[in-house]
Amino acid sequence: MAEYLRRRELYSAERADHRRRSCVVAGGIAAAVVLVVVVLCVLAGLPTGVAAQLGVVAALVVGVVATVRFLRTPPEIEAWRQDAEAERSTARALDRLVRAGYTVLHDRALADSASNIDHLVIGPSGAWVIETDAHEGPVRQNAAGVWAGKVPLRAMLGLVAWMGEEATAQLLGELPAGWQLEVQPVVGFARAEVPAGLALIDGVLLLPAAGVADYVLSAGVVLRPIDVAMLVDVAERAFPAYEVTSPPRSWPARSRLRGLLRR
């Protein structure tokens, strides 16, 4: 969710950067279209009043088209919005774990990384890094890789596996000596169908988003209540809430947005 808000802020900043230039370009195009319409009307022998009316209509059409193009939401932003909706759905499904003695931390920042953890779950069955995927289609694996429908997942699974390793390292670095912990990375699919209900690929657990909470509850007890409390305290300090701030003026928004689109 936080990532979607950050990217939407960048897109809004980019649109603000281009507002004046867009108005100038639209005005120039409207003037050129009006001139062409008037000249054609004169050559066709139409009355001056009719030529003026047609010129005004042409200018209005250009203005409407320019406004719609300027204000429309690009496909990338819409895709990010759908991802955010899927993440909120997963968050609601995970929140019921609180009644079973778990702590669920949403949108947490990783140190020295632009990535954020969608959900960090800590409780009797251990620690879990959970990312939400909103792609559609069946999840399948073949010689070419792992796919959700026609979308390759290998890069995303590698990122989630790294998040699990990084979370493990950061937590163990803050915990007393002697602690043994391995944070389990999970991808919860909000729309895609997972074969047999679950899969384990390269150490990453693949589950339907709606079934993640049940799996966490059924995983067994590995931490005592005192261990859970200590781990939650460390996690809240090690992984602060992911902050969404307005883009700095010193960096052109267009460059920032292009950088995001290449991620």
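Asp-107 is buried, its relative accessible area being 14% (buried means under 20% relative accessible area, exposed over 50%, and partly exposed in between, with a 1.4 Å probe and protein chains only). This aspartate sits in strand 1, residues 103-109. For background, most residues other than glycine have a negative phi.

Asp-202, though, is in the loop between strand 8 (199-201) and strand 9 (204-208), and with a relative accessible area of 56% it counts as exposed.

## What kind of model this is

The model is predicted, so local features need pLDDT of at least 70 and side-chain atom pairs count only at pLDDT 80 or more, while totals for chains, interfaces and linings use all residues. Residues are numbered from 1 along each chain as its sequence is written, and side-chain values use heavy atoms, with hydrogens and water left out.

## The overall fold

The protein has eight helices and nine strands; these are DSSP runs numbered from the N terminus, with helices being H or I of at least four residues and strands E of at least two. Of its 263 residues, 40% count as buried. Take the contacts (heavy atoms within 4.5 Å) between residues at least 6 apart in sequence: 65% of them join residues at least 24 apart.

## Helix 5 against helix 7

Two packed helices are described by the angle between their axes and the distance between the axes. Here, the axes of helix 5 (residues 154-174) and helix 7 (residues 225-238) come within 10 Å and cross at roughly 115°. That makes helix 5 roughly perpendicular to helix 7. Axes are lines fitted to C-alpha atoms, for helices over the stretch in contact, and the angles run from 0 to 180 degrees between N-to-C directions. Angles of 65 to 115 degrees count as roughly perpendicular, under 35 as roughly parallel, over 145 as roughly antiparallel and the rest as oblique.

Which residues make the contact? Helix 5 brings Gln-170, Leu-171 and Glu-174, and helix 7 brings Leu-231, Val-234, Ala-235, Arg-237 and Ala-238.

## Each helix on its own

Helix 5 has 21 residues, which should span 30 Å at 1.5 Å a residue, and its end C-alpha atoms are 31 Å apart, which agrees. The expected span is 1.5 Å times one less than the number of residues. Buried in helix 5 are Leu-157, Val-160, Ala-161, Met-163, Gly-164, Ala-167, Thr-168, Gln-170 and Leu-171. Leu-159, also in helix 5, is partly exposed at 37% relative accessible area. Its C-alpha is 9.1 Å from that of Ser-115, a residue 44 places away in sequence.

Helix 7 has 14 residues and reaches 20 Å from first C-alpha to last, close to the 20 Å expected. Its buried residues are Asp-227, Val-228, Leu-231, Val-232, Val-234, Ala-235 and Ala-238. Their cover includes strand 1, strand 2 (116-123), strand 3 (126-133) and helix 5.

Glu-243 is found in the loop between helix 7 and helix 8 (253-261). Is Glu-243 buried or exposed? At 64% relative accessibility, Glu-243 counts as exposed.
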